[in-house]
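Subject: Structure handover and findings

Hello,

The file comes first, and my notes on what was found in it follow.

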Amino acid sequence: VNGIHDMGGMHGMGPIQPEKNELVFHAAWEGRAFALSMAVDGDWPYGADRYATEVIPPEEYLRQSYYEKWITSLVDLMLKSGMVTAAEIETGRAIEPNTKKGHALTAAEVPPMIATGGPASRNVPAVAHFRVGQRVAVADLHQRQLRWAGTVIATAVGVSLVAGQRRGWLLRSCGAMCLLLPHLIGPPAAIGQNSVPTELVHRFSIASVATSAMFWLLVGTLGGLIYSRNQADPNALPTV
Amino acid sequence: LGPVERESGMTTTRRDFLGAAVTAAGAAVTTHLSDAQVHDHDHQVVPSDPALRVKALESLLVEKGLVDRAALDALIDTYEHKVGPRNGARVVARAWADPAYKQRLLTNSDAAIAELGYGGLQGEHMVVVENTAKVHNLVVCTLCSCYPWPVLGLPPVWYKSAPYRSRSVIDPRGVLREFGLELADDVEVRVWDSTAELRYLVLPERPAGTETMSETELAGLVTRDSMVGVAKIATQQQGVRA
């Protein structure tokens, strides 16, 4: 989302103002705001706090200091999750009983929480099929290109002979032969030792055949549909 | 300008037609959603005095049993006194003193940093980028304030400020000049835009004339700014204060 938070490349924000001997927190409330945001155990999903900051209206986003924005987003999230009510935020006193009681972080739990963090890596149980540097056998490139071009030409000729109007059985048979021939000849053989697991080769064959079949069925169906629509009423105006 | 890594957009991996269509549809829906949520926020009350507001919030949350004051104190104490740029300085000094460690640090930063006992919150995944005579690295977080907490502590105000976030990616040399660092034209500048999940630490160049120094002495030379990439280290320079 192209919001105010996406500041990379914006112009006109003025000079950078580094401070000499900057304090970690410039005032006590900054530390409290920081700690509150870290300690509250909300039920919102990962990244919701970031989003809650990003949707602060632009004029407010620019006006509020860093930890003011933290508090704005924290309050916003707690209101939405029902941990606090607007009246409670207004008065600073508990009115409603706490029904969504999150676990209140204890001082003893702070060091392990900081040491562990929340790693974003995912445990992917799958084992890679290939390793870097592993050799795989493929057919000669020129032979593959030749076969591809040959198949396309033979198929085009075959289709025109089989599907064309006013063709005798002999021409249609030749057409059928043209269609079949490239598949009877088969692809050029791979050169060298193939270290690809057989299971993977099978899965690839099935997947590629299924994908091709679906593609051609779709092309055929659509082609037929368009053809029959055009045939149905040659004088009809094209529909918009 | 060198590689700029962004988190905000989609990943640039291969997408098939269907994926693109779903993404486009999703983007259209998301736009509407976020618009609605932006309007939601129009009622947000402008806090007159953040100090009072935070105080009221804290007592409310304590009263409701949602936070424990002792935990707040412990959090503040940790980042005021325990976790800070001294940690990063030790990592840098070790890398200068021990070539094998430096190699580990550049190839598997998290594991190497963990050897010195640092890691965890807001630095779960860190990448160390090395400055050389011909390459200068600069770290920014254009979207917010992502920073490697375990080795540098909490970021300074300028790092989180609009001027730094906006300009680092379009005029890094200008930004460096504002910090008093003029780079020669033949030095390549690489700008690293941090994400919540991936944070960067610059390994500054070891200054000349420090060959006889101990690791502890070396650590004393390393400044926070040099580990963000807005400064170089001079031998006479004072290092980060504990």
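A disulfide, as used here, is a pair of cysteine sulfur atoms within 2.5 Å. In general terms, a disulfide is a covalent bond between the sulfur atoms of two cysteines.

This is a predicted model, so local features need pLDDT of at least 70 and side-chain atom pairs count only at pLDDT 80 or more, while totals for chains, interfaces and linings use all residues; side-chain values use heavy atoms, with hydrogens and water left out. Residues are numbered from 1 along each chain as its sequence is written, and chains are lettered from A and ligands numbered from 1 in the order in which they are written.

Cysteines

The structure holds zero disulfides over all chains. For C178(A), the closest cysteine sulfur is that of C174(A), and the 6.9 Å between the two sulfurs is too far for a bond. C178(A) is partly exposed at 23% relative accessibility (buried means under 20% relative accessible area, exposed over 50%, partly exposed in between, with a 1.4 Å probe and protein chains only). C146(B) is also in no disulfide; its nearest cysteine sulfur belongs to C144(B), 3.5 Å away. C146(B) is buried, with a relative accessible area of 4%.

Chain A

Chain A has nine helices and zero strands, where helices (H or I, at least four residues) and strands (E, at least two) are DSSP runs numbered from the N terminus. Of the 240 residues in chain A, 28% are buried. Among the contacts in chain A with a separation of 6 or more, 60% are between residues 24 or more positions apart; contact means heavy atoms within 4.5 Å.

Interface of chains A and B

On the chain A side, 79 residues are in contact with 68 residues of chain B. The area buried between chain A and chain B is about 6,300 Å², with 65% given by carbon and sulfur atoms (buried area is the accessible area, taken with a 1.4 Å probe, that two parts lose on being put together, summed over both). I16(A), R32(A) and I114(A) supply 12% of the area that chain A buries against chain B, more than any other three residues.

There are 17 residue pairs in polar contact across this interface, both residues being at pLDDT 80 or more. A polar contact is a pair of N or O atoms within 3.5 Å; within protein, one must be able to donate a hydrogen and the other to accept it, and residues adjacent in sequence count only if both atoms are side-chain atoms. The elements that give two or more residues to the side of chain A that touches chain B are α1 (28–39), α2 (48–54), α3 (58–63), α4 (66–81), α5 (86–91) and α6 (110–116) of chain A. Of these, α4(A) gives the most, with 11 residues. By class, that side of chain A has 44 nonpolar, 20 polar and 15 charged residues. Here Ala, Val, Leu, Ile, Met, Phe, Trp, Tyr, Cys and Pro count as nonpolar, Asp, Glu, Lys and Arg as charged, and the others, Gly among them, as polar.

Salt bridges

A salt bridge is a side-chain nitrogen of Lys or Arg within 4 Å of a carboxyl oxygen of Asp or Glu. A search of the whole structure finds 19 salt bridges over all chains, and the count between chain A and chain B is four.

One salt bridge joins R32(A) to E58(B), with the closest N and O atoms 2.9 Å apart. E58(B) also meets R69(B) in a salt bridge, at 2.6 Å from N to O. E58(B) is buried at 7% relative accessible area, whereas R69(B) is partly exposed at 39%. R32(A), E58(B), R69(B) and D73(B) are linked in a network of salt bridges.

Within chain A, R63(A) forms a salt bridge with E60(A), the closest N and O atoms being 3.2 Å apart. The two are three residues apart in helix α3 of chain A, which means a separation of about one helical turn. R63(A) is partly exposed at 40% relative accessibility, and E60(A) is buried at 12%.

In chain B, D77(B) and K82(B) meet in a salt bridge at 3.1 Å, N to O. D77(B) is partly exposed at 29%, while K82(B) is exposed at 56%.

Regards
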